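These notebook entries record what I looked up in one structure.

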Amino acid sequence: MVRMRQGKWYGIGVLALAFAPVFVNAEPAPGIAMYGEPALPKGFTQLPYVNPEAPKGGQIRFGESGSFDSLNPWILTGRPAQGIALFVAEPLMMRSIDEPFTLYGLLAESVETDAARSWVEFTLRDGARFSDGAPVTVEDVIWSFETLGTEGHPRYTNAWRKVAKIVQTGPRSLRVTFTEPDRELALIMGMRPVLEKAQWQGKEFARATQEVPVGSGPYVVERVDMGKSITLRRNPDWWGKDLPVNIGRYNFERMRWDYFGDGGVVFEAFKGGETDTFRETNAAKWARDYDFPAVRDGRVVKSEIPHQRPSGITGLVMNTRLPVFQDWRVREAMIDAFNFEFINATLNGGAEPRITSYFANSGLAMQQGPATGRVADLLGPYAAELPPGALDGYALPVSDGTALNRINNRKAIRLLEEAGWRVDDKGVLRDAQGTALSFEILLPQGAAETRAIVDIYTEALHRLGIFPQVTSVDDAQYQMRRNSYDFGMTWMTLALSLSPGNEQMLYWGARGVTEPGSRNLMGMNSPAAEAMIRAMLAAKDPADFTAAVRALDRVLTTGRYVIPTWYAPVSRLAHARALHFPEKLPLYGDWPGFQPETWWYEAAQ
């Protein structure tokens, strides 16, 4: 039996709510929204998507594929263990997953800013402490922000470049002043993790991978078997357990992550009772493979959790740093050769909708047909550099569903010929200099579903005279090669929210062409994309914000950087019967902040 929780539909209406009239903070406030006011009133007693009566205790065990070699999730080096970033350390403010982008005070009791958001000031809670008993101080916050911004992962450096200064303004307060107008920066600062300065003195933070972090969060690291498992234990002396934002959350006594060879082994471990929850991404498997004994006798429950967040992008990304993918016609041919309808039917029973753009499944998605109104105005100055379809309209190719995909393959051949490629008498596609069109598809070991997609796709490419090399490497090599952009194609999965902001520059900005570790896997260098991001960050009303995101969506989608696959309009979670989650579901559904934060253990009587 599948439990299907009813969700709410959120489209442009939720954006309009987010852009409700702005009442500028004239005094310190307990929360801050990207636009308008936080939904929860002062003095709220709990978040709306928790069960305040949830019992404490029990454990939850997760299965992960691959391995880990680092306990420091805030740097580029290594693959960090699960759990530490979310449950050991804390930020100044926590994000509600029931609003597009709103923060409520956590380590900080209040936040204050001006009308232009040119600065933000935080006041720490009296009594906030690290797990070793030391108080969380302004000095810890300033050190954390400076260290993450200069030595941390690239995801922290983009916003740090926009910080003019950070100073202590009182015994428990600090102010961050920005170099340029950017309404989101005040919230980004509130989401930065705060680390204990004393722990890291005399250590090289950017290379410290084996240090067990001391944090102020609800859990402490109890046990680590490097590369194999990590166990967190709920801190009985956690300073923040009675805060309204934490009521009904962090209910498990222990949380454990075990690492297995690949996704198939993770599923078998779940079937065998070695783990307690499994997130299924394949609709056909969800319908076909969950008839094992634990499901039949009720020990395992299947739950479907709807959401209204954007589809994001999932698929094979092409690395335009390589000459072979610098011509949009070649990239379009690669998309034409991808027989989505046949692959979806073969692997998913045709159940999943295709990702039609980066912000599909939301009111932020590019609209079909030519760009009009404000979207056209934003894109107009960049018309000469935009790829075909950005202004005139673009849609992904649709096949007849047969394996041969003849119509789209003929279109692909025409595009390749226009780009200077011809099939020789040996059936190999070559340019005028006789160089074969060849590239490497890099995959992580054990990615069985991805490999199945790639195997079908490469067979189709062979019919065009293209013979890519498919390479599967272990986790460590895969992360290293992705971070250094050492691939022709690779698998890309990127979740996007209803409130995109500064992170978009990390995803699509020109710095990522050469700067290691960015999300700009495709190596795009688009002034138009950066201009749309700036317009989005400067927007002061819902119409301008939506237009900027839709314009960005057009630039990304018509750039033809990714061969998109499918998304799931519901999250499919199989879990032990003793695990429960609240009846009221948040806007973002199964999103970070939902499982395990709001779940609890309660054995059947």
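I took helices (H or I, at least four residues) and strands (E, at least two) as DSSP runs, numbered from the N terminus. The model is a predicted one, in which local features need pLDDT of at least 70 and side-chain atom pairs count only at pLDDT 80 or more, while totals for chains, interfaces and linings use all residues. Residues are numbered from 1 along each chain as its sequence is written, and side-chain values use heavy atoms, with hydrogens and water left out.

Entry 1: two backbone features.
I looked up Pro 596 and placed it in the loop between strand E25 (579–580) and strand E26 (600–601). The peptide bond that leads from Gln 595 to Pro 596 is cis, and its omega is near 10°. I then turned to Tyr 250, in the loop between strand E13 (229–234) and strand E14 (254–260). Tyr 250 is not a glycine, yet its phi is positive, at about 55°.

Entry 2: helices H17 and H18.
I found that helix H17 (residues 527–538) packs on H18 at an angle of about 160°, with the axes 8 Å apart. Axes are lines fitted to C-alpha atoms, for helices over the stretch in contact, and angles run from 0 to 180 degrees between N-to-C directions. H17 is therefore roughly antiparallel to H18 (angles over 145 degrees count as such).

Entry 3: helices H10 and H13.
I looked up helix H10 (residues 328–337) and helix H13 (residues 406–418), whose axes come within 8 Å and cross at roughly 165°. This angle is why H10 is roughly antiparallel to H13. Residues in the contact include Trp 328 and Arg 329 of H10 and Lys 411 and Leu 415 of H13. By class, the contact of H10 with H13 has seven nonpolar, two polar and five charged residues.

How values were computed:
Angles under 35 degrees count as roughly parallel, over 145 as roughly antiparallel, 65 to 115 as roughly perpendicular and the rest as oblique. Contact means heavy atoms within 4.5 Å. Ala, Val, Leu, Ile, Met, Phe, Trp, Tyr, Cys and Pro count as nonpolar, Asp, Glu, Lys and Arg as charged, and the others, Gly among them, as polar.
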